[in-house]
Amino acid sequence: MNPGDRVRVERGSVENEGVLMPSTTADHLVVKLAGGYNVGIDREDAAIEVLERDVYDVEGADDEEGDSTVEFDDDLPTVSLISTGGTIASTVDYRTGAVTAQFDAEDVLRAVPDLAGRANYRGRVVANILSENMTPAVWQDLARAVHEEVEAGADGVVVMHGTDTMQYTASALAFMLDTPVPVVFTGSQRSADRPSSDNVMNAVCAVEAATSDRAEVLVCMHESSSDDACALHRATRVRKNHTSRRDAFETVGAKPVGRVDYGTETVSFRRDGPERGEADLDIASDLETSVELVKFTPGMNPAALDHLDDAAGVVIEGTGLGHVATDWIDRIEELIEAGTVVAMTSQCLEGRVCDRVYDTGRDLLDAGVVEAGDTLPETATAKLMWALANRSDPAAAMRESLAGELQDRSVPWT
């Protein structure tokens, strides 16, 4: 049997059928299943049946023909590719069949050869973690890395990030950085070993956005379930609204600021924003990490706030216009009197907090709660961390729009 043959492999009580892939060891088989995933199988005690020969032309794992080199072209812009982990530049480990993150500039070009010829690339690894393991400390490392790359002459930066917490990291960088060039976050909802992977289109569109004339922190992901365009979202207004769809990311309260047409490779913007070269490069990466995001639910015991006695800041996801149960108000007032900044957001996806309508809201304002308008709860959390460390009056900062997070009007985004 050879790579490219369709095989059936039985080992113990498990049976797998698919296309045989190359393996770097004699002890393991790698089979690509019908759904697109790869599975690694120990050869020992495995029964193998060849169902059909040469179904696919499969390159070997050690083939040199797929290697790419990074060559400098004076006529092209320079884009810094910064990785924090995730699957967008992942490769298949032919020993186990698993998808693993491998990253430097050449790795990315190998994984996404369509990037070649669009820019000169520099690769940099800040972290190699699953996005659920992201921390504010890594946000700070990333902000400093972006600052260094731009200072060193990068014409744009693409940050490759896992999708689950991308909105937190992107919004944090929007507060920490003043940038004269685009800083574009992108990722992949589906791993590189799947036929429906979105890694190629997202990466290509992100590079196109990074060489555009818009200079702010953006998130670039599929605009629809089709492979026709990517949407460009303002970092402080974006939210992941689906667990697995390729077009999971949406701008809340407005339409995306722009789009990248994948076919024509054109970048367009529907709203004004900071232009390339307009801002001076600056960084304010200090964060107060003693900030918690609390979601209020009906009947929730006010004692749930007891562990926040030493918190510097608390963001509450209230109901509707920004409400919690009446028996929470005294406990919240105690936190505020002890020096904790408490900001109110809403669990609703659209609209803004307004605690002047009902008695509960007025009581919250009297207690010292800060209205965060239509700032998204996740964005408000990153913002409060930044404001506590960088503003003399963080409560007042929560009422201001610092990076496009607080809109004048709340309108449907669909």
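Reader: What makes α4 largely enclosed by the rest of the structure?

Author: 11 of the 12 residues of α4 are buried, so α4 is largely enclosed by the rest of the structure. Buried means under 20% relative accessible area, with a 1.4 Å probe and protein chains only. Among the buried residues are N199, M201, C205 and E208. This is a predicted model, where local features need pLDDT of at least 70 and side-chain atom pairs count only at pLDDT 80 or more. Residues are numbered from 1 along each chain.

Reader: Why is α4 (residues 199-210) called a helix?

Author: Helices are DSSP runs of H or I with at least four residues. Helix α4 has 12 residues, so it qualifies. α4 reaches 16 Å from its first C-alpha to its last, close to the 16 Å expected at 1.5 Å a residue. The expected span is 1.5 Å times one less than the number of residues.

Reader: How do you know that β10 and β12 pair?

Author: Two strands pair if DSSP finds at least two bridges between them. Strand β10 (residues 156-160) and β12 have 4 bridges, so they pair, in the parallel sense. In β12, the partner of V157 is V183.

Reader: What makes β12 and β13 a pair?

Author: 3 bridges join β12 to strand β13 (residues 217-222), and the two run parallel. At least two bridges are needed, so they pair. V184 has L218 as its bridge partner in β13.

Reader: Which way do the residues of β12 point?

Author: V183 and F185 point one way from β12 (residues 183-186). V184 and T186 point the other way. All are buried.

Conventions. Heavy atoms only, no water. Buried < 20%, exposed > 50% of the residue type's maximum accessible area, 1.4 Å probe, protein only.
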